[in-house]
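Q: I am new to this structure. Please take a close look at one part, the shell around the ligand, and walk me through it.

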Amino acid sequence: GVAGPNIAKVPSGKGLKDYQEIYNDIAGKIEENLDYDGGAGFYGQLVRLSWHASGTYDKNTKTGGSFYGSMIYDPESSDGANAGLAAGRDFLYEFAVKYPWISRGDLWTLGGVVAVQESGGPKVPWRPGRVDSFDKRDIPPPGNLPDASEDGKYVRNLFKRMGFGDRETVALIGAHCLGKCHTHNSGYEGPWGPSFNMFTNDFFVRLLQGWHVRKWDGPKQYEDDESNSFMMLPTDIALKEESYFLKYVKLYAADQDLFFKDFSKAYAALLELGVEYPRGSKPFLFKTIDEQES
Ligand code: HIF
C-alpha cells in the first residue's frame, strides 16, 4: 500500500466479544430479511461482497485485497464485476454507523463469515485489523475479478494470481451453492440449486449431473437436464472439463465434511489476502446464533 505494508491494526480495547456483538447484529438482520431476493436472503449477497472485496489481490504486485475497504471508490465501485454489490454494502452500513470503530474491510469480510456460518456452513476463523484508506492510490485497478464466460485454464491462472492451487480453487467455488445470478447485475440468471440459502456441498453433487447449454437471449450459461430450473456458469462447468479440477469436485460431492474443512481454510485465506498480521495474532472463531441460544 501507499502508506507502507498492510499491517493489521485492531482498534484499541476491541476483542472477540465486540466482534461477536457485530456478528450477532448482522445475523439478526439476515434473519429479518429471509425473503429477500426470492428467498435467497442475504447469504449469497454477503459472501459475494466479502470475496469481491478480497479477490482483487495480486500476489505478484502485492496490491488489492480487502485491507483498505476501497470498493466504495471508483474505479473499483464501478467495475462491472462488482455490479449489484451496493446492496450488500448498504445492508451492512448501519453497523458501520453503530460501531464506528470497525473498518469497511473488516465489516465486509465479517459479513461473509456470518453468512457462511449462519447458512449452515463451517466455522471460518477470522482476524480483524483492516484499516480504511481514503487514498486513491490504494484502489486496485478493475479487471482482477473473474469473467464467468471463460474456461478452466483461465480459472486456474486467476486463482493462482491470488496464490491458490487447484484444490483450494475448487473448494472455494463450492460457495456457488448460495445465492443466484441476476440479469441486471451480470447478465446471467438463476440459482445454482434449490437450497440457495443453505451452505452445503450441493453445488458439487449437481455439477456432476447432466447439464446443457440454455437456449435464451442471454450470455452462454448451462441449465440442468433434469428440471431446466438451475444454472451453471461456463467457469463452473469448466471444473468438470479439466481433470485437475474434476478429481476435487468428485471428492467434495462425496464428502461434505471434507468440503467444509477445505472451504473454511481457503475462504479464511481469501479474506486475508493482502493483510499482514503481527506475529502470534490469533483468529477469532464466532459462535453461531444457534449455539448461543442452546
Ligand atoms: Fe461468484 N458469481 N464467481 N463466487 N458468487 C456470481 C454470484 C455469486 C464468478 C461469477 C459469478 C466465486 C467465484 C466466481 C458468489 C460467491 C463466489 C455471479 C452472479 C457471477 C457471474 C452475480 C449476479 O448476477 O448477481 C466467477 C466467474 C468466479 C470464479 C470462477 C467464489 C467461489 C465460488 C470465490 C465465491 O465465493 C456468490 C455467493 C454469488 C451469489 C450472489 C448473490 O447475489 O446471490
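A: Helices (H or I, at least four residues) and strands (E, at least two) are DSSP runs, numbered from the N terminus. This is a predicted model, where local features need pLDDT of at least 70, side-chain atom pairs count only at pLDDT 80 or more, and totals for chains, interfaces and linings use all residues. Residues are numbered from 1 along each chain as its sequence is written, and side-chain values use heavy atoms, with hydrogens and water left out.

Start with the shell. The ligand is surrounded by 23 residues. His 176, Lys 180, His 182, Asn 185 and Ser 186 are the closest.

Now the elements. Helix H3 (43-54), helix H7 (166-173) and strand E1 (180-181) each supply at least two shell residues. H3 gives the largest share, 5 residues.

Next, the domains. Their bounds come from an automatic or database domain assignment. The ligand lies between domain 1 (16-145 + 267-289) and domain 2 (152-259), because both give residues to its shell.

The make-up of the shell is 13 nonpolar, 8 polar and 2 charged residues. Here Ala, Val, Leu, Ile, Met, Phe, Trp, Tyr, Cys and Pro count as nonpolar, Asp, Glu, Lys and Arg as charged, and the others, Gly among them, as polar.

Polar contacts come next (pairs of N or O atoms within 3.5 Å). Lys 180 uses its backbone: a polar atom there is 2.9 Å from a ligand oxygen. His 182 uses its side chain, with an N or O atom 2.6 Å from an oxygen of the ligand. In Ser 186, a side-chain N or O atom is also 2.6 Å from a ligand oxygen.

Last, the space itself. The ligand takes up the largest pocket. On a 1 Å grid over the protein atoms alone, a pocket is an open set of points where a 1.4 Å probe fits, with protein on both sides within 12 Å along at least five of seven lines. A molecule sits in a pocket if more than half of its atoms lie within 2 Å of the grid points.

Notes: A residue is near a molecule or strand if one of its heavy atoms lies within 4 Å of it. A polar contact is a pair of N or O atoms within 3.5 Å; within protein, one must be able to donate a hydrogen and the other to accept it, and residues adjacent in sequence count only if both atoms are side-chain atoms. On a 1 Å grid over the protein atoms alone, a cavity is a set of points where a 1.4 Å probe fits but cannot get out, and a pocket is an open set with protein on both sides within 12 Å along at least five of seven lines; lining residues have an atom within 4 Å of a point.
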